[in-house]
Amino acid sequence: MADVKQVRQIKIKTGSLKRNMKDYTSYKNEEQSLQEKLSLMQTEGKDEHDIRKMQEQVQETSETLATCKPRIENAIDDLESCIATFTEQGGESLAPLKETEEWQQAEAVITEAKAFVEAIEI
């Protein structure tokens, strides 16, 4: 049977990676939505103060979005190093660990996240 602590570590790091990817997607959608609102405000000739405040919101979201890619890359590295550490330790617990759902999911999420990072445009 796989070590519960190892399985838990993999599960936590996988969850962190998935959360970071979800955050990026959420911020990207928010940025697009705010850009559309800003464009609408400008074409409708809204108050200059309101337009400036909306521009600030767009800027803050863009700055936050720029921090997402490094966080995703760090989460990928953390998960890969965790898996590599367990692989290097080897032993009789490695085979059952590789058969766990968490290990399989971690490998799938790493592959997905690498493709996700490649598609990010900053």
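**Helix geometry and nonpolar cores**

Helix α1 comprises 41 residues and spans 59 Å from its first C-alpha to its last, close to the 60 Å expected at 1.5 Å a residue. The model is a predicted one. At the start of α1, a side-chain oxygen of Asp3 comes to within 3.3 Å of the backbone nitrogen of Lys5. Just after the helix, a positive phi of about 70° is found at Gly45.

In soluble globular proteins, nonpolar side chains tend to be buried together. In the present model, the largest nonpolar core contains 24 residues, and those with the most contacts inside it are Ile10, Leu17, Ile72, Leu79, Leu97 and Trp103. Two or more residues of this core are contributed by each of α1 (4-44), α2 (48-89), α3 (94-98) and α4 (101-119). The largest share, 9 residues, is supplied by α2. Another core, of 6 residues, lies apart from the largest one and includes Leu34, Leu38, Met41 and Ile51.

The surroundings of Ile72 were examined individually. When residues up to four places away in sequence are not counted, Ile72 touches Leu17, Asn20, Met21, Tyr24, Phe116, Val117 and Ile120. Of these contacts, Leu17 is also listed with Ile72 among the residues with the most contacts inside the largest core.

Asp77 is placed in helix α2. Asp77 has a relative accessible area of 45% and is therefore classed as partly exposed, since exposed requires over 50% and buried under 20%. The C-alpha atom of Asp77 is separated by 9.7 Å from that of Leu17, although the two residues are 60 residues apart along the chain.

How values were computed
Residues are numbered from 1 along each chain as its sequence is written. This is a predicted model: local features need pLDDT of at least 70, side-chain atom pairs count only at pLDDT 80 or more; totals for chains, interfaces and linings use all residues. Side-chain values use heavy atoms; hydrogens and water are left out. A nonpolar core is a set of buried Ala, Val, Leu, Ile, Met, Phe, Trp, Tyr and Cys residues joined through side-chain atoms within 4.5 Å. Buried means under 20% relative accessible area, exposed over 50%, partly exposed in between (1.4 Å probe, protein chains only). Helices (H or I, at least four residues) and strands (E, at least two) are DSSP runs, numbered from the N terminus. Contact means heavy atoms within 4.5 Å. The expected span of a helix is 1.5 Å times one less than its number of residues. A polar contact is a pair of N or O atoms within 3.5 Å; within protein, one must be able to donate a hydrogen and the other to accept it, and residues adjacent in sequence count only if both atoms are side-chain atoms.
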